Amino acid sequence: MERTLSIVKPDGVKKNVVGEVISRFEKKELKISALKMLLLSKEEAQRFYVVHKERPFYGSLTHFMSEGPIVVMVVSGENAIAKVREIMGATNPKDAAPGTIRADFASDIERNIVHGSDSQQSAAYEIPFFFSSLEIL
């Protein structure tokens, strides 16, 4: 069993699609092992996305991720990382396959509804950023 982190970003919370995101994961035989809603400070968003610090979108991304509540979750199951990324769709919703979360709900490449760990290494950093081992079932 593999674990990954997924985030419903501020635009997804605002559009009221948190339940739809979770439902799409569950329909693909994935389990939600931990879940919470929170509001990141700008500094917390900067720490979380530190891997992108040198990229031109870092400032706007961290601003966006701290502008409203997010829902963070640990998603577990066989090949969870790949399955979550497939369900989410391409980062740019214009390139996302029909029926994916981003194709159905995202407005642009930055306001793209969801985040998902892109590798086991990323998941190993991202999950404990938000959850202690006592919070993951």
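**Close-up 1. Glu 78 in the loop between β3 and α5.** In this predicted model, Glu 78 lies in the loop that runs between β3 (70-77) and α5 (80-88). Its relative accessibility is 62%. Glu 78 is therefore classed as exposed, since the cut-off for that class is over 50%. Pro 98 is 20 residues from Glu 78 along the chain. The C-alpha atoms of Glu 78 and Pro 98 are 23 Å apart.

**Close-up 2. Asn 112 in the loop between α6 and β4.** Asn 112 sits in the loop between α6 (101-105) and β4 (114-116). Its relative accessible area is 1%. Asn 112 is buried because this value falls under 20%.

**Close-up 3. Tyr 125 in helix α7.** Helix α7 covers residues 120-130 and includes Tyr 125. Relative accessibility here is 40% for Tyr 125. That value lies between the 20% and 50% cut-offs, so Tyr 125 counts as partly exposed. With residues up to four places away in sequence left out, Tyr 125 touches Arg 47, Phe 48 and Val 50. Asn 79 is 46 residues from Tyr 125 in sequence. From C-alpha to C-alpha, Tyr 125 and Asn 79 are 18 Å apart.

Notes. Residues numbered from 1 in each chain as written. Predicted model: local features only at pLDDT ≥ 70, side-chain atom pairs only at ≥ 80, totals over all residues. Heavy atoms only, no water. Helix = DSSP H or I, 4+ residues; strand = E, 2+ residues; numbered from the N terminus. Buried < 20%, exposed > 50% of the residue type's maximum accessible area, 1.4 Å probe, protein only. Contact = heavy atoms within 4.5 Å.
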